[in-house]
Amino acid sequence: MEGTFLQTVLPPKLQYQTVTTLMRALLPRAILGCLTVVLFSASLHGIVVAAPIDDDKAQTVVHMLDYIGVDYADSVQDGQVINAEEYTEQREFAAQAVMLLSQLSPVPEQERLTQQARELVARIEAKASGSEIASLANQLLTSVVQAWRLSVAPRQPPDLQQGERLFAQQCAGCHGTQGRGDGPLAKGMDPAPRDFHDEVRMRQRSLYGLYTTVTLGVRGTPMRAFGELSEPDRWALAFFAAGLRAKPELVMEGESLWRQGQGQSDFRSLRALVTHTPDQHAPAGSPIDAVRAYLTQQPQALHTSAREPLSFTRTKVEEADRAYADGNRDKARRLAIAAYLEGFELIEPALNNADAPLRVETEREMMALRTAIDEGRPPEAVTAQAKTITALLDRAADVLVDGSLSPNTAFVSSLVILLREGLESILIISTIVAFVVKTGRRDALPYIHLGWIGAMGLGAMTWGIARYTLSISGANRELTEGLTALLAAAMLLYVGWWLHSRSNAQAWNRYVREHLTTALAKRTLWTMAGISFLVVYRELFEVILFYETLWSQAGAQGHDAVLWGIASAMVLLILIGGMILRYSVRLPIGPFFAVASTLLAIMAVIFVGNGIAALQEAGVLDVTKIHFVSLPLLGIHPTVQTLVPQALILALIAVGLWANRTKAE
């Protein structure tokens, strides 16, 4: 399986920046040793593969546990069976849950959860209280959802108007028009239809539990499965039924509290809303309970603050599939590109820290979708690829909700984003500064500072224009990154050649004599200023976009963690830059020029590879896959369009080295 340390732990751009940092012979051996240990340790993490999911069986287990948690209390009271038929059914459901859990695809938690299911059976046999059984069943239900990574949330906010129409058509005959279980067909039913206004019972029922009941029905009762309804329709029914009992004044209170920021950290996504019962969310009468009632009736409020990148990605992938099936290949290609650039790419840093192998796999499959469209494969193949991506996006949504929005992960994500984008700039600018200091040409420093300061100013201006007057375009972002990378590569090659040609004492002395009374060539100074500008500008806009997304994902409780991550990254970048500058200045002029020219040449090759890859992501260049190693940290991507230019650059560097050596001799 693919997965090196850098592919599993670090974002793609930080990968090649980190390797170039490691290649610096100027860094202390202690740092190199520590990084080597981390490299090896984290590479082991990359070989872990997520267990497959047996979705049908796991969903059935969840449904039975939900049923037990709600209905057991009607069969046993004070240690005595009051409804023998219901009690027998509860015992049967619990026993089936044990059997199905043992048959599911293996996960590390399987043995523990199976044992918990056996304990649930034992407590039912012992006629334990309804509150104890409900607690055990709900805890086990949540653990099963997490262990087998079940998709438990609607993909889009449910349409409550559609839910109301469906309820009148499909449910009112038994449950009544108001959902009180008093419909014209309810008379004589055993058990009676559910009363959705029963506060005690409904507070023990999650929205996901209602959804599974609509989907699977309840065996042995008149409640049939509604499998003929679409998934969005089943979610709409569940939300509508759950919201029937909420009083208007409670919903209004919840709306006011939500607009004031209450409940933002408790309900960060639809998944957070649907997976727990009302009692698990908060006690009745609390502010959070009012917010829950409001969001149940107005779930779109969770999506109005900002467009969710994963939802956008999923929508565009589905639209691309439909467009291709309709014969519109160009439109399908544009939609597939937008799915990545305008959606998935924005959450890559957070996902990379939470589950890097999943990030790599999703990115690879999205590229495969574009390749399938470009090559004109059968519509069935494109549809299958789209479904593969959708499943991966569901997993990514679960991972992000489970971990990436916690304060700890928000801190790590914030730290890595700035380090990833800043290391490359710090490394190159520090090398250039060291050069002008070593050669006694401090008068050249203003050129370098003018470059990066100008880049920051223009980057902020670019962000402001894009933020307030234009939609942020992922394609334009990739175009900017790709073109500036290629331009920077050309400048790095020029400066690297210039340094290498003066890396021996004789050549340097001759150069000093020839320029003793004149300044360095203006062309060289402005080239250095240009590099300083480009390496900062190409990163700055992307940094702002990533932090904007992270800030939204982290929520109010994670904002401090994001700020601490930024501060920590800045301290680390200052220390790294100072260390590079200090040890660079100590080197004799010849070795320094040799090391610096080698570093810049390597960076040029990396820039070329990643610059072309960015243009491929933007859809400007085609993608021709070949069987070759993939090392994004070195700018190596297994495509003809990236490898051929890199080979030419390496050949050009070799010719330059030979020419300089011949001239020196």
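Reading the model: helix contact, burial and backbone

Modeller: Leu160, Gln162, Gly163, Glu164, Leu166, Phe167 and Cys171 in H8 meet Asp233, Ala236, Leu237, Phe239 and Phe240 in H11. Contact means heavy atoms within 4.5 Å. This is a predicted model, where local features need pLDDT of at least 70 and side-chain atom pairs count only at 80 or more. Residues are numbered from 1 along each chain.

Colleague: Why is H8 called roughly perpendicular to H11?

Modeller: The axes of H8 (residues 160-175) and H11 (residues 231-243) cross at roughly 85° and come within 8 Å. Angles of 65 to 115 degrees count as roughly perpendicular, so H8 is roughly perpendicular to H11.

Colleague: What makes Lys316 buried?

Modeller: Its relative accessibility is 19%. Buried means under 20% relative accessible area, exposed over 50%, partly exposed in between (1.4 Å probe, protein chains only). Lys316 therefore counts as buried. Lys316 is in helix H16 (residues 309-325). Leaving aside neighbours within four places in sequence, Lys316 touches Leu335 and Ala339.

Colleague: Why is Asp78 called exposed, and why is Lys127 called partly exposed?

Modeller: Asp78 has 79% relative accessibility, so it counts as exposed. Lys127 has 28%, so it counts as partly exposed. Asp78 is in the loop between strands E1 (76-77) and E2 (80-81). Lys127 is in the loop between helices H6 (110-125) and H7 (130-147).

Colleague: What is the phi of Asp78, and of Lys127?

Modeller: Phi is near 55° for Asp78 and about 60° for Lys127. Most residues other than glycine have a negative phi.

Notes. Heavy atoms only, no water. Axes fitted to C-alpha atoms, helices over the stretch in contact; angles between N-to-C directions. Helix = DSSP H or I, 4+ residues; strand = E, 2+ residues; numbered from the N terminus. Parallel < 35°, antiparallel > 145°, perpendicular 65-115°, else oblique.
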